[in-house]
Amino acid sequence: MYTLSHQQRVRVCKALLSLIDYRHLWTSEGPTAEAKAYLDQYGGPMSNSQWILYQVAWLVWGRPADVKVQEVMHLPAPYAKLAISLLNSLATDGAAVDKWLSGFEHSKVSSAALHRIN
């Protein structure tokens with residue numbers, strides 16, 4: 001996996017968490033205490049799909065995750081495609097991650113009007 005800069009990791013984590021209405025769990029410094037508590041609680045109140053994306057965010061942050069590729073592939077559309085394209089970007093380089101972020105930030109997916117996973 002390509003090693004991301006701190007800023008890239010923060011932006012990717014916030015992007016993923018915005019899909020599940022948990023963006024507030026990440027600051028420019030990284031995960032909050034609340035974010036770590038949810039991790040210790042295996043997602044706490046999160047649905048299974050939210051928990052899967054949450055684990056992907058932690059994987060991006062650099063923490064080993066128990067999420068399986070099969071679980072990511074079975075996320076509802078368009079979340080599976082987003083997560084898989086992110087994983088592909090991570091395997092490529094920083095420019096690919098920046099391109100993923102740009103695509104995410106300019107898509108309807110990041111819109112508040114989008115149906116969120118619950």
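**A helix pair, and what surrounds it**

Reply: Helices H2 and H3 are oblique to each other, because their axes cross at roughly 120°. For angles, under 35 degrees is roughly parallel, over 145 roughly antiparallel, 65 to 115 roughly perpendicular, and everything else oblique. H2 covers residues 33–40 and H3 residues 48–61, and their axes come within 11 Å. The axes are lines fitted to C-alpha atoms (for helices, over the stretch in contact), with angles from 0 to 180 degrees between N-to-C directions.

Before going on, remember that this is a predicted model: local features need a pLDDT of at least 70 and side-chain atom pairs count only at pLDDT 80 or more, while totals for chains, interfaces and linings use all residues. Numbering runs from 1 along each chain as its sequence is written, and side-chain values use heavy atoms, with hydrogens and water left out.

The crossing of H2 and H3 is left-handed, meaning that the near helix is turned anticlockwise from the far one by less than a right angle (clockwise would be right-handed). On the H2 side, Ala35, Lys36, Tyr38 and Leu39 do the meeting, and on the H3 side it's Trp51, Tyr54 and Trp58. Contact here means heavy atoms within 4.5 Å. By class, that contact has 6 nonpolar, no polar and 1 charged residues. In that scheme, Ala, Val, Leu, Ile, Met, Phe, Trp, Tyr, Cys and Pro are nonpolar, Asp, Glu, Lys and Arg are charged, and the others, Gly among them, are polar.

Tyrosine 54 in H3 deserves a stop of its own. Tyrosine 54 is buried, with a relative accessible area of 0%; buried means under 20%, exposed over 50% and partly exposed in between, using a 1.4 Å probe and protein chains only. Leaving aside residues up to four places away in sequence, tyrosine 54 touches Leu17, Ile20, Leu25, Ala35, Lys36, Tyr38, Leu39 and Met46. Alanine 35 sits 19 residues from tyrosine 54 along the chain, and their C-alpha atoms are separated by 9.5 Å.

Now the next pair. H5 (residues 79–92) and H6 (residues 94–105) have axes that come within 7 Å and cross at roughly 155°, so the two are roughly antiparallel to each other. H5 brings Leu82, Ser85, Leu86, Ser89, Leu90 and Thr92, while H6 brings Ala96, Val97, Trp100 and Phe104. By class, this contact has 7 nonpolar, 3 polar and no charged residues. Serine 85 of that set is partly exposed, at 29% relative accessible area, and its C-alpha atom is 9.7 Å from that of alanine 96, 11 residues apart along the chain. In the loop between helix H4 (69–73) and H5 you'll find proline 78, and the peptide bond from alanine 77 to proline 78 is cis, with omega near 0°.

H6 also packs on H1: their axes come within 11 Å and cross at roughly 35°, and this crossing is left-handed. From H1 come Gln8, Arg11, Val12, Ala15, Leu16 and Ser18; from H6 come Gly94, Val97, Asp98, Trp100, Leu101, Phe104 and Glu105. Those residues divide into 7 nonpolar, 3 polar and 3 charged.

Stepping back, the protein has 6 helices and 2 strands, in the order α-β-β-α-α-α-α-α. These are DSSP runs numbered from the N terminus: helices are H or I, at least four residues, and strands E, at least two. Of its 118 residues, 47% count as buried. Residues 24 or more positions apart account for 55% of the contacts with a separation of 6 or more.

As for confidence, pLDDT (the predictor's confidence in each residue, from 0 to 100) averages 89, and 89% of the residues score at least 70. Residues 110–115 fall below 50, and beyond near neighbours in sequence that stretch has 8 contacts in the model.
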